[in-house]
Amino acid sequence: MNRFEQSFKLLNEYNGKAFVPYMMAGDGGLECLVERLVLLEKFGAAAIEVGVPFSDPVADGPTIQSAGIRALKNKTTLKGIITELAKAREVVTIPIIMMTYLNPIYAYGIDAFAQDIQTVGVDGCIIPDLPLEEEDIIAPQLADAQVELIRLVTPASPLERITEIAGRGKGFLYAVTVKGITGTRNLFDNDLNEFLKAVKKLSPIPVLAGFGISNEEQIKELTKNCDGVVVGSKIVELFDRNNLHEMEKLMAVFKQGVKIV
Amino acid sequence: MITYTLPNEKGHFGIFGGRLVPETLMKAVLELEQAYDNAKKDASFQAEIDRLLKEYVGRETPLYFAENLSRHAGGANIYLKREDLNHTGAHKINNAIGQALLAVRMGKKKIVAETGAGQHGVATATVCALLNLECIIFMGEEDIKRQALNVFRMELLGAKVVSVTSGSATLKDAVNEALRYWVANVDDTHYLLGSVMGPHPFPTMVRDFQSVIGKETKEQFKLRNSSLPDAVVACIGGGSNAMGIFYPFIEDEEVSLYGIEAAGQGVDTEYHAASLTKGKPGVLHGALMYLLQNDDGQIQEAHSISAGLDYPGVGPEHSHLKEVGRAKYFSITDEEALEAFQLLSKLEGIIPALESAHAIAFAVKLASEMKESQNIVVCLSGRGDKDVETVKARLKGGEGK
Ligand SMILES: Cc1ncc(COP(=O)(O)O)c(C=O)c1O
């Protein structure tokens, strides 16, 4: 059983729902990456997305863009992140997923990247600028390394396409909840619920909703129709403001019988 | 004669190109490809483009034998393809007309575009005024300061100019913002990309719309000399005027193709825009192409006296043509371009755009190494009115020579 299956099996105490936080590696300094990952696991993360900063993040809104710029100012590199993740793996038990645009991987070397992240125990990889049509550039290498490629579907994806994308995946399917970039909201709840219902029906693997999710009410509403959420901009913002209490409270949303005030 | 059929059905030119965009954009990109394929087969679409190019833009543009410049160079004959005589003063409008008509065909009401110096922005705003389309132009904060007059032009034409403050606040960031805007507004908006870059089908579509330059050149040259030129020279920002003039000659192997990048203060300094000369393949703005980047895959800023060449990448088809050796790529410094700018003004009474001055500077060198019986065509991509102030500041400010 890989870490994804394990982690999603243990969700009973969370009403069966997964909370997956996203954080930007190197924001606040790369030296605090391990510490933050440990904290997120302690707060109840089912898995963690570790963002790799990129100079031109076209899928991201202002919050994650700024975090990336801060991380780059701190001289964060993909190599440095992978080194830190090796240390993290010794103390973090849940799946670690790297979220990175394609170019840093391309510059690192695709074969070397797949091998190195396997070696350090990374479980999955999300590449926001890699659609189905272009997967051959890296999917075979990731498959050989047994690193899951986590794929995205969006409200703009036609149903046949969602079926095709969902069918290829393991780990989980990432359902983008906006027509737009991270940190934004522009769909009516009703349309969103219909979208999530449709995706859930078509997907053989767990479906997590993400992009622009920032509060408990949204999370509760969305998870009526899916298996969990990815929360990015909000977590990045709370780390930046060092508001760990609010983070703990938000991440306890699925915990049964726990109330953090 | 070779045969050339690229790109393949996925929009790949060898390893380059493709559709490396977020899933949210895939539907729009696939729809655009479909719409463009259909439009190409529709004679009335091409007829409408041809009509506007003739009556509105003023095509065909002359192929002019620059006798004084040729004598000065002392070697091959230099011809100029006068794209500077187009309405709005550059080749950019050839593409803007094609894409805007396609957008209308697709039922889109709104056009979004990026601009660096403002030339593509002005061409886009012009065509939007003509076709009654809402127009939003993203422009880096830095470029807005440097090109205040073009900002005002776009506003006069009815466009909304949005200042981009993210990243380095220049052209590449304007492309990022335009892409982000498109992601959020795909239903009613067409992204009118200004060069042979971005995800498929943009590099192919922009090339096709610009290839009117090469088609006319070939016919005009044949009519005059009953032969083909020995060399074709064009400057390279993203690469659209160059692809436009190269494409109809690609299969004619005996015609040498030269793309000229901006060497800024020199390719061995940090201040240049020579992506093919000094960059490495990588992924930006939806395509695999040559990019200026550091070892960690972070995109670097480009620098050139000419804002239109100030982009850290070069379109996928040029990346491929370099790889297979069908075209050769060289670079010209700010200083050399400034000299060519003055040279062409004085010798021929033609003030070229600073972008085009890069091609002129190279052509003069090349001509001097060729025989008097040989012929070079230079794509004079734009006129220099927009650059007069920049050049004045450089020359009178004591920085230039
Ligand atoms: C006159 C002129 N020439 C050349 C260029 C460079 O673009 P491209 O390489 O796409 O032709 C520009 C861009 O603004 C331009 O204005």
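**Charges over rings.** I started in chain A, where A:Lys79 lies over the face of A:Tyr108, 5.9 Å from the ring centre. My rule for a charge over a ring was NZ of Lys or CZ of Arg within 6 Å of the ring centre and within 35 degrees of the ring normal.

**Ground rules.** I am working with a predicted model, where local features need pLDDT of at least 70 and side-chain atom pairs count only at pLDDT 80 or more, while totals for chains, interfaces and linings use all residues. Residues are numbered from 1 along each chain as its sequence is written, chains are lettered from A and ligands numbered from 1 in the order in which they are written, and side-chain values use heavy atoms, with hydrogens and water left out.

**Aromatic pairs.** Next I looked up rings of Phe, Tyr and Trp (its six-membered ring), which pair if their centres lie within 6.5 Å; planes under 30 degrees apart are stacked, over 60 edge-to-face and the rest tilted. I noted 16 aromatic pairs over all chains. B:Tyr79 and B:Phe221 have ring centres 5.2 Å apart and planes at 70°, so I logged them as edge-to-face. B:Tyr79 belongs to strand β4 (residues 77-82) and B:Phe221 to helix α10 (residues 212-225) of chain B, so this pair ties together parts 142 residues apart in sequence. Helices (H or I, at least four residues) and strands (E, at least two) are DSSP runs, numbered from the N terminus. Both B:Tyr79 and B:Phe221 are buried, meaning under 20% relative accessible area, with exposed over 50% and partly exposed in between (1.4 Å probe, protein chains only).

My next pair was B:Tyr258 and B:Phe362, with centres 5.3 Å apart and planes at 45°, so it is tilted. Strand β10 (residues 256-264) holds B:Tyr258 and helix α15 (residues 354-368) holds B:Phe362, so parts 104 residues apart in sequence are tied together. Both B:Tyr258 and B:Phe362 are buried.

**One loop residue.** Finally, I checked B:Thr170, in the loop between β7 (160-164) and α8 (171-184) of chain B. Is B:Thr170 buried or exposed? At 17% relative accessibility, B:Thr170 counts as buried. Leaving aside neighbours within four places in sequence, I listed B:Gly140, B:Glu142, B:Asp143 and B:Arg146 in contact with B:Thr170, with contact meaning heavy atoms within 4.5 Å.
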